[in-house]
Amino acid sequence: MVAVASASRQILHGVEFSPVFFIVIISGYVFGFTVGFAVGAFTMLASNFFIGHGPWTPFQMLGVGLVAAAAAFIPRARKFEIPVLTAYSVVSAYLYGLFTDMFSWLAFIPSHTPETFVTVAWAGMVANTVRAVGNIFFMTIFGPTFLKILLRFRRRLTCITRR
């Protein structure tokens, strides 16, 4: 999952419209908190080897890891899984953006006032909105198939480990 998410981030580098959040959210939802966090955090670590590491990498790892891990707590509702996951992916796009904006504000802005934070957060709204639209697109188009494949894989993996 990390390899797929990292590769997808490379293909669409520079554009927030990517399947990264879709992949890590589905991973956390299907495989649970620990796997979700690991997939999210390692996706950012691995993909930054190609894009570039910096002081922002740990914040990205923590942010995406928490987004994926929190998906494990989404209630299972077979009939409404994709709409619920889509709604979560939109909310998580903005929360992740706010989290990384907080880092940018603390690390790169010399004056830490509420006004400067609002300015930084407002400047990131375009990227956050593009990320949210991408999450909607990928979750609605590829979500049902991807979810079915991963649930089947989890079911088969569970059967193998019980023997």
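Helices (H or I, at least four residues) and strands (E, at least two) are taken here as DSSP runs, numbered from the N terminus. By this assignment the protein has seven helices and zero strands, and its elements run α-α-α-α-α-α-α from the N terminus on. The structure is a predicted model, in which local features need pLDDT of at least 70 and side-chain atom pairs count only at pLDDT 80 or more, whereas totals for chains, interfaces and linings use all residues. Residues are numbered from 1 along each chain as its sequence is written, and side-chain values use heavy atoms, with hydrogens and water left out.

The overall dimensions come first. The C-alpha atoms fill a box of roughly 60 × 30 × 25 Å along the principal axes. The radius of gyration, taken over C-alpha atoms, is 16 Å, which agrees with the value near 15 Å that a compact globule of 163 residues would have (the globule rule being 2.2 Å times the number of residues to the power 0.38). Among contacts (heavy atoms within 4.5 Å) between residues at least 6 apart in sequence, 73% join residues at least 24 apart.

Of the 163 residues, 40% are buried, where buried means under 20% relative accessible area, exposed over 50%, and partly exposed in between (1.4 Å probe, protein chains only). Two residues illustrate these classes. N128, in helix α7 (residues 125-162), counts as buried because its relative accessibility is 4%. Leaving aside neighbours within four places in sequence, N128 is in contact with A93, Y94, G97, L98 and D101. A46, in helix α3, counts as partly exposed because its relative accessibility is 25%. With the same exclusion of neighbours within four places, A46 is in contact with V2 and S6. A46 and M1 are 45 residues apart in sequence and 12 Å apart in space, C-alpha to C-alpha.

The largest pocket has a volume of about 550 Å³. Its 29 lining residues include R9, E16, Q60, Y96 and R131, the closest to its centre. A pocket is an open set of points on a 1 Å grid over the protein atoms alone, where a 1.4 Å probe fits, with protein on both sides within 12 Å along at least five of seven lines; lining residues have an atom within 4 Å of a point. Grid points are joined across faces, edges and corners, and the volume is the space filled by probe spheres set on the points. The elements giving two or more residues to this lining are α2 (20-31), α3 (33-51), α4 (57-70), α5 (81-108) and α7. The largest share, seven residues, comes from α5.
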